[in-house]
Amino acid sequence: MSPQVRALAGASPAASPSRRSPQVAHRGFMRSPPRASPERSAVASGLDMDLDDEVGEGNFLYGTDIKEPTVVKDFHRFMREFRLPESSEPHYVQQLQRAWEDQTQKVKGVKFPISGTHIWEFNKSLYNNLVNFPSEVIPIIDRELWNISVRILADEPEDLGVCQAQIHALHDKDAKLMRMMNPSDIEKLVSIKGIVIRCSDLVPDMMAATFRCIVEDCKHEVSVPLSHWTINEPTRCEKCGASHHFQIIHNECKFSDRQLMKLQETPEGVPPGETPQTVQVCCFDDLVDKVRPGDRVEVTGIYRAAPTRPIRGWSQQGAVYRTFIDAIAIAEEQRGRVEPSTNEVDMMSQGVVPKLADRLDLDPDHVGEEEVRWNQRVRELAVARDDRGEPTVIPNLIQSFAPSIFEEDEVKKGLLCQLFGGTSKFHTNRGRCRPEVHSLLCGDPSTAKSQLLQAAFKLAPRGVITSGKGSSAVGLTASINKDPITKDLILESGALVLSDRGVCCIDEFDKMDDNARAILHEAMEQQTVSIAKAGIVCSLNARTAILASANPVDSSYDPKKSVVDNIHMPKNLMTRFDFIWLMLDKRNQDSDRRLANHLVSMYSESGVGQRTQAIVEPELFRRYVAFARRWVFPVINDEASEALVKAYVSMRNMGSSPGTITATPRILESLVRISESLAKMELREEVTPSDVDEAVRLIRAATYAAAIDPETGLIDMEQLIVGVGAGKRKRAKEIDSLLQEILAAKVAQGDVLTMDSVRSAMNEKLGERKEQLIGDVEFNTALKNAEGEGLVLRKGKTLEAR
């Protein structure tokens, strides 16, 4: 028997610390302060006592059918005897001692997590009492944890603060769906999952009030604790006997932190045709500001119901109750943590980044034991090699990314680059350079664009998916609502803010409203969303990678037109995408047969063995992406820098004429981000020239294929900026020059200038050159340009040269 267990089980009744006024916290979810019952807690000192004969009426907790000594005995037995399979020591006794050792100031107390599943496995009766009567049982557990702590640490009771239990991970039968909770769950311990969509400001919640008598010669002070969620002002002074002469002293009152959080159902948990449900969650003390909007969390708390007042300030209450949850514990859903801690951010801002050689990701005190087990599997996956000694992680990730989608390996690799992202860079003059990679999928229908979006959303550690037609500018940025408690105007985050440090997937991007699409200009480059409405002026972080899919204007992609003409989108927005993937439905008998066999195998019995299986399971995939984003920060060495410069200059000179732009500085920044993401995939901390070569190949396979001028067959990046290819730009310049030449000749001859005569003269010249005759659109455009330059003035159908 370990010393801790002997100290827990061998104490005498006279030495029971419960007779020393155990410190029990008045927690925010409790309607009244916990009562200390040292005479009943004395049974904790002798756990071998038989309590079966204690069945008196006073042994039952008020309003329940459970006895307090039974709860105390069961909990102490759980603390003393529960062990994990791989350990021979009592698990929670060790964890409690470690929690106090980690707390430098013991007067502040500790928060002690206890798994509900462990309680269920050890003692179902104790678990049922905890779930059915949490408001009564949890204060008892808090008190007994303090008693056990005094015995284990052998410290003076005055030196130890309160010890609060945080119950989490309930049994599956108590893990409720948000829309399935009903009145039978009220005042019971429940667990729900959802996405945080709003967090209110911190609100002080009064736990005890101090009143002072205002009689000049008295000044008597009285402290009144919270009772049934109210504080009653004393009516008569005990010292001077004056009635209704008390004044509250706010500076001496005791407050606790309180915050309201709105939780919404996860998209995959909403039934078809239904709208997502929401629930209010009240957070107290250390749970305040633990999560932020966009986080997927699991909340364990007490399901409450409170009456509403039809008119504010009236004492009458309506028969309709509002429900909410008083949070006991909040755990982020196990999809991997993407962002570094506050200390790591401070170090990174000073140029110091964590290294994999430091093995901080394998330190249980730094990340936790469960995270260490996942990180070990991630490292094993990264170092795997094939028979030739080549790393296999990238091919395995590509095959595990939407394995049901036929081929499209290049697109999948580009989307993997987007999931991993580049390295954040901070410059004193320029500010933050975005490491996020933006991708656009465009092409024919039925080419699995939406399925690839869904796959990226499911594998991203953090993200939001929406549709272009159903998204407004407010829905993408932030909406202004009125707080139900304070009645102040507050901001509720939209899709871009909720997907901060994640992926925002937008389907049907071409059908998005122009006002909503204009919001993306700032978010895609500056990574912020600026709000100035209703007196609220702020800038919200939107460090998200945009993944969009769009269909052509005429339903099918026309290879005779440029990508700008095929997709009705602003030209300056398209230049912000690092990848523009053209997904065309090409007619080829061999590929059509392979595709048909692949699709049929997904539904036929004989094709079960032929289906492509994911080598990396989805949970490990998400953990791998989260690990790379948090712990791996590749840097560009000298060789890679030279390769980047050489690749950019080579791409810049690919044009056949000086007027054709084949690469822009944004292409160079994209090459840097993609090279870093390729290094992240293999958990390498240095970018090599091979990464640069692969980034150039992906850029040419994606964006450059979309930037080919259909008239010249050459790459022309300027058409993404101005929306016109090099051939059309050259034709427009020739028409403008020809118009000026005709106008000068007509004026020299003294002829009357009419629109028909000028157009006929221009067609004669074009006919002599054996070029295409001028059309209405081209002639009107050239005439408008000449008017803008002040060369001609249009008067009806006549023209006046200037």
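# A tour of the predicted model

Begin with Ser 670, which counts as buried because its relative accessibility is 5%, below the 20% cut-off. The model you have open is a predicted one. Ser 670 sits in helix α22, a helix that covers residues 665–681. Show the residues around Ser 670: leaving out those up to four places away in sequence, Ser 670 touches Asp 578 and Ile 699. Keep Asp 578 on display for the next stop.

## Arg 434, by way of Asp 578

What does the side chain of Asp 578 make a polar contact with? Its partner is the side chain of Arg 434, at 3.3 Å. Select Arg 434, which you will find in the loop between β12 (431–433) and β13 (439–443). Is Arg 434 buried or exposed? Arg 434 has a relative accessibility of 7%, so it counts as buried.

The side chain of Arg 434 also reaches the backbone oxygen of Glu 436, at 2.6 Å. Now widen the selection. Apart from neighbours within four places in sequence, Arg 434 is in contact with Met 524, Glu 525, Gln 527, Arg 576, Asp 578 and Arg 673.

Leu 683 has a phi near 55°, a positive value in a residue other than glycine. Leu 683 is buried, because its relative accessible area is 11%.

Next select Asp 289, in the loop between β8 (278–284) and β9 (296–307). Asp 289 is not a glycine either, yet its phi is positive, at about 60°. Is Asp 289 buried or exposed? The relative accessible area of Asp 289 is 55%, so this residue is exposed. The cut-off for exposed is over 50%.

Select residues 124–132, which form helix α6.

Which residues of α6 are buried? They are Leu 126, Tyr 127, Asn 129, Leu 130 and Val 131. An α-helix has 3.6 residues a turn, so residues three or four places apart point the same way. Colour the buried residues of α6 and then show what they pack against: helices α3 (68–81), α5 (116–122) and α7 (134–153), together with strands β2 (163–168) and β3.

## Leu 189, in strand β3

Strand β3 covers residues 189–199, and Leu 189 is in it. Leu 189 counts as buried because its relative accessibility is 1%. Show its contacts, again without residues up to four places away in sequence. Leu 189 touches Leu 130, Val 131, Pro 134, Ile 167, Leu 170, Asp 174, Thr 300, Gly 301, Ile 302 and Ile 328. Leu 130 and Val 131 in that list are among the buried residues of α6.

Then set a distance from Leu 189 to Phe 133. The two residues are 56 residues apart in sequence, and their C-alpha atoms are 7.7 Å apart in space.

## Met 512

Move to Met 512, in the loop between β17 (503–507) and α16 (514–525). Met 512 has a relative accessibility of 4%, so it counts as buried. How far apart in space are Met 512 and Lys 469, C-alpha to C-alpha? The distance is 4.9 Å, for residues 43 apart in sequence. Not counting residues up to four places away in sequence, Met 512 touches Gly 468, Leu 476, Ile 506, Arg 517 and Leu 520.

## Two packed helices

Select helix α11 (residues 393–400) and helix α12 (residues 409–420), which pack at an angle of about 105° with their axes 9 Å apart. Because of that angle, α11 is roughly perpendicular to α12. On α11 the contact is made by Ile 394, Leu 397 and Ile 398, and on α12 by Asp 409, Lys 412, Lys 413, Leu 416 and Phe 420. By class, the contact has 5 nonpolar, no polar and 3 charged residues.

## The whole chain

Finish by showing everything. The protein chain has 28 helices and 25 strands. Of its 802 residues, 48% are buried. Among contacts with a separation of 6 or more, 69% are between residues 24 or more positions apart. The chain exposes about 39,600 Å², and carbon and sulfur atoms supply 50% of that area.

Methods
Residues are numbered from 1 along each chain as its sequence is written. This is a predicted model: local features need pLDDT of at least 70, side-chain atom pairs count only at pLDDT 80 or more; totals for chains, interfaces and linings use all residues. Side-chain values use heavy atoms; hydrogens and water are left out. Helices (H or I, at least four residues) and strands (E, at least two) are DSSP runs, numbered from the N terminus. Buried means under 20% relative accessible area, exposed over 50%, partly exposed in between (1.4 Å probe, protein chains only). Contact means heavy atoms within 4.5 Å. Axes are lines fitted to C-alpha atoms, for helices over the stretch in contact, and angles run from 0 to 180 degrees between N-to-C directions. Angles under 35 degrees count as roughly parallel, over 145 as roughly antiparallel, 65 to 115 as roughly perpendicular and the rest as oblique. Ala, Val, Leu, Ile, Met, Phe, Trp, Tyr, Cys and Pro count as nonpolar, Asp, Glu, Lys and Arg as charged, and the others, Gly among them, as polar. A polar contact is a pair of N or O atoms within 3.5 Å; within protein, one must be able to donate a hydrogen and the other to accept it, and residues adjacent in sequence count only if both atoms are side-chain atoms. Accessible areas come from the Shrake-Rupley method with a 1.4 Å probe; for residues, only the protein chains shown count as cover.
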